[in-house]
Amino acid sequence: MDYPTVSKAAVVRKFGEEINIEEVPVPRELEPRALLVRIECCSICGTDVHLWEGSLSLKVDLPVILGHEMVGRIVAMGPGADTDSVGQPLKIGDRIIWSHTSCGSCYFCTVLKQPTLCDNRRAYMYESMEKPPYLMGGFSQYGYVVPESGRVKVPDTVEDKIASLCSCAFRSVINAFDQTGPIRPSDTILIQGTGPLGLLAIGVAKTAGAKKVLAIGAPESRLNLAREFGADSVISVEESTVQERKEWVLQETGGRGADIAFEFSGHPAAFQEGLDLVAKGARYMVVGQLGDGGISIQPSMITKKNLKVLGSFSGDISHYWKALQFVADHQHILPFHKLISNEYSLRDVNVAIKRMQAFQEIKPVLYPWR
């Protein structure tokens, strides 16, 4: 075996405290369908920051290796791991991205066909690094792909740091659009939030043929990037009031409101505002709300406006594959590379996380081998 017995990794032992670089065991025996990968890079997500802070409304089994948007190059393969989840052959040296697991035998997997809701789901970054297979996070030199994880080969034309976007941010956007349904040529789409998910969603909405794409966000640099991804009109959430934003949406939509809205901001108040910004009969997809914050809403708005209010969580392996294909097909049209705001080595993980926390980064990438 030409890989070491330990992997350097960024470990969170206590919420909000300094992240340590530790040596974590590398499994010597691989289960059937399992893979061991050398992690080429891992982009940093807002969810990484929330987990480190301890503000996620999801179970975390500390201590954990942080990071979940990773690209890996295969260094060892368990029996039967020679194809990916869409039937493409895999070999040592191939690059892949991989999904959280689903069991395939619970109610949500079999009856509802929604594996992201699996009762027995295992998620990278949330499992203890003190239990086998140890390497269940992206801020690490090596990673373990468990047998139940979906995996997709990265196209040769897609570079590592852009492929990493497809491991979480972009697959979440693709899943949200799949669940929302068809985009009509007459639709005006409103995007709340101009972080990575919101910016990617603007590109998808415009590519899908929407009549007009509106974006609410901040700061000005991200609004400029929203325009580059295809937004027809933008407004700063920092320089406008709730009433001014409502008047702007009505002006842009002939007094009706948005036909479809996507909430990617993560701020609970944005959901309350979104209900007021959509048209009668609209679809409202909520993606950004993973914190434990709450708000008061007027439920009659949903009834009187005959709204379809939807939620979308994570994505299954089909959305990873679709995200990679979208990037491969549109990377010469959409400025995906401009989402990558910085590059860090593993030893600088605390700097990177704190800059993300302070909204000084859009989507930085961590390289475990630098």
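Lysine 153 pairs up with aspartate 94 in a salt bridge, with 3.9 Å between the closest N and O atoms; the term covers a side-chain nitrogen of Lys or Arg within 4 Å of a carboxyl oxygen of Asp or Glu. Since lysine 153 sits in strand β8 (residues 149-153) and aspartate 94 in the loop between β5 (69-77) and β6 (95-101), the pair ties together parts that are 59 residues apart in sequence. Helices (H or I, at least four residues) and strands (E, at least two) are DSSP runs, numbered from the N terminus. Aspartate 94 is buried, at 7% relative accessible area, while lysine 153 is partly exposed at 24%. Here buried stands for under 20% relative accessible area, exposed for over 50%, and partly exposed for in between (1.4 Å probe, protein chains only).

This is a predicted model, in which local features need pLDDT of at least 70 and side-chain atom pairs count only at pLDDT 80 or more, whereas totals for chains, interfaces and linings use all residues. Residues are numbered from 1 along each chain as its sequence is written, and side-chain values use heavy atoms, leaving out hydrogens and water.

The salt bridge count comes to 23. Arginine 13 and glutamate 22 make one of them, their closest N and O atoms 2.8 Å apart, and Glu130 joins Arg13 and Glu22 in a network. Arginine 13 is partly exposed at 36% relative accessibility, but glutamate 22 is buried at 18%.

Leaving aside residues up to four places away in sequence, phenylalanine 262 touches Ala176, Phe177, Thr180, Ile189, Leu190, Ile191, Gln192 and Met285, where contact means heavy atoms within 4.5 Å.

Helix α11 (residues 349-357) buries Val349, Asn350, Ala352, Ile353 and Met356. Viewed down the axis of α11, the buried residues fall within an arc of 160°, so they line one face of the helix; the arc is taken over the directions from the helix axis to the C-beta atoms. Their cover includes β1 (6-12), β2 (20-25), α1 (46-53), β15 (340-345) and β16 (363-367). After α11 comes phenylalanine 359, with a positive phi near 60°.
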